[in-house]
Amino acid sequence: MKLRPYQQECLDAIAMQPPGAYLCRLATGLGKTVIFTHLPRYGRTLLLSHREELVRQPLKYYTCPVGIEQGSAKAADEPVISASVQSLVRRLGRYEPDAFDTIIVDEAHHSAARSYRKIFAHFKPRLLLGFTATPMRGDRVRLDDVFQKIIFDRDLRWGIQQGYLSDIECRRVTIGYDLTGVHIQNGDYAPGELAEAMEGTADAVAEAYRTLARGATLIFAVNVRQCAEIAARIPGAEVVTGETKNRAEIIQRFTDGKIPCIVNCMVFTEGTDIPRVETVIIARPTKSDSLYTQMVGRGLRLFPGKERLLLVDCVGVSGTASLCTAPSLLGIDLSDVPENRKKDVEGMLFELPEKALRASDCPQSWIRNVTTVNLWAQQQRYELHGVNWFRLPDGGMVCGLKDGKKLRIPPPDELGNAHYPDGRSWPMQRVLDAAYKKLKRDYPDQEYIWNLEQARRWGDAPASEKQMELIFKKARGRYELPESMTKLEASQVLNRLMNGGI
């Protein structure tokens with residue numbers, strides 16, 4: 001196989017590294033499997049995957065024997081072993097700690113899980129390499145105690161701008177589901193409860209197809225029953241599930257333009273190449289960035305006559321759980337954006353960050369952000385030094401000062417590092433420490449603005465008449481204001497109104 005230039009660049013970057021643990025990030029569709037299966041072998045190689053479907057996927061790229069550790073399959077002394085994490089973690093006794101020169105982790109954002117850590121603790125490889133396509137934000141998972149640094153990075157923006165992937169137009173459509181009572185299981189919505197919550201939505205999904213879809217369309221549903229219900233409402237649509245025997249035939253007819261729409265449930269999430277897909281409709285709500293990215297990835301391939309991918313998110317009420325939608329592809333979190341403003345965050349993919357920023361620039365978001373920042377800091381065990389940070393949708397931080405001045409920290413990467421203030425990559429805590437020292441040194445007269453403890457001096461008492469009068473004066477009808485606020489909430493709103501907003 002002839003490698004693309006960036007794929008060879010990734011192999012070259014790996015070859016330059018001393019022994020250690022490194023992360024490579026490539027967007028879905030850029031061929032990370034091709035890269036890691038073309039690594040030179042200086043000893044035995046272990047491939048780790050978290051999904052059964054991925055264990056056998058790399059086999060087609062190897063010209064040497066590959067052993068399988070999964071379920072009833074057990075490897076022997078093959079030079080390459082592809083294993084599911086769930087099986088290998090129970091079979092570590094079969095392998096010596098120095099059994100492998102290189103360990104490769106597919107979907108490496110899962111590496112912080114206990115099962116992975118048990119495997120990493122057992123083996124002593126020369127290289128531990130993680131590959132991931134998911135733009136996982138630093139607030140979601142910390143991998144800095146697994147991998148040393150990111151040595152190669154080609155994200156979705158790069159892939160689209162370089163012409164390797166299709167551009168994406170993003171739309172949102174409300175289909176009436178309510179997930180507030182659905183429990184979370186293994187990081188995502190519990191399948192049975194999710195299926196119940198999605199009952200009765202088939203008509204709305206089919207309507208979304210009729211009014212929005214263009215060209216060959218792939219719909220993701222929650223289960224076999226919903227697949228059938230949706231397909232029955234779309235002329236010519238076919239259903240593909242795990243039990244479909246003639247799957248290859250259906251895909252070929254779809255590729256030939258003889259089937260307008262395929263409705264599937266958890267079949268085309270990974271490893272299936274259908275370049276003709278011009279519209280992807282997500283009617284399978286998920287909290288998993290990885291699953292969402294893989295579903296969208298089925299439509300990222302280029303195809304003659306295909307101008308762009310149309311991505312349609314079928315949304316509803318998700319409660320406090322963070323639902324993955326198009327902005328998730330860029331690491332944008334809409335949890336702080338009021339529900340009535342989320343509908344404004346649609347359009348071409350790379351327009352979404354600015355639209356999300358505008359949608360979150362409102363009093364409801366400013367008030368909620370205090371809780372968001374504190375929760376994030378507690379989860380990541382960061383010390384904020386009492387700084388009145390505002391957290392942006394992309395995970396970056398901003399502190400408003402007088403005369404419209406702001407102190408900004410970019411979003412941390414998967415390893416918890418950010419660039420500040422001299423352009424070097426520092427651990428996020430070190431960046432927060434440096435920002436605090438700068439505020440203390442350069443803005444001591446504005447501590448009443450940037451110090452959250454001082455902003456809290458009124459406590460939870462109702463906002464004063466003077467505060468509310470000043471808020472209404474400054475807002476000048478530009479914002480929809482809450483009917484009531486505490487003094488702390490009012491101080492947050494005033495801080496944003498008087499110091500340049502976001």
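Is W158 buried, partly exposed or exposed? With a relative accessibility of 22%, W158 counts as partly exposed, because buried means under 20% relative accessible area, exposed over 50%, and partly exposed in between (1.4 Å probe, protein chains only). The model is predicted, so local features need pLDDT of at least 70 and side-chain atom pairs count only at pLDDT 80 or more, while totals for chains, interfaces and linings use all residues. Residues are numbered from 1 along each chain as its sequence is written, and side-chain values use heavy atoms, with hydrogens and water left out.

Eleven aromatic pairs are present in the structure. Rings of Phe, Tyr and Trp (its six-membered ring) pair if their centres lie within 6.5 Å; planes under 30 degrees apart count as stacked, over 60 as edge-to-face and the rest as tilted. One of these pairs joins Y6 and W158 edge-to-face, with 5.2 Å centre to centre and 80 degrees between the planes. Y6 belongs to helix α1 (residues 5–15) and W158 to helix α6 (residues 156–161), so this pair links parts of the chain 152 residues apart. Helices (H or I, at least four residues) and strands (E, at least two) are DSSP runs, numbered from the N terminus.

Y6 counts as buried because its relative accessibility is 1%. Y6 also pairs with Y164, again edge-to-face, at 4.9 Å centre to centre and 70 degrees between the planes. Here the partners are 158 residues apart, with Y164 in the loop between α6 and β8 (168–178). The relative accessible area of Y164 is 23%, so Y164 is partly exposed. Through ring pairs, Y6, W158 and Y164 are linked into a cluster.

A charge sits over a ring if NZ of Lys or CZ of Arg is within 6 Å of the ring centre and within 35 degrees of the ring normal. R154 lies over the face of W158, 5.2 Å from the ring centre. Elsewhere, R430 lies over the face of W426 at 4.2 Å from the ring centre.

Now turn to helix α5 (residues 114–122), whose buried residues are Y116, I119 and F120. They line one face of the helix, because seen down its axis they fall within an arc of 100 degrees, the arc being that of the directions from the helix axis to the C-beta atoms. The face turned away from the buried side of α5 carries the exposed residues R114 and A121. The cover over the buried residues includes β2 (45–49), α4 (85–88), β5 (102–106) and β6 (127–132), where contact means heavy atoms within 4.5 Å.
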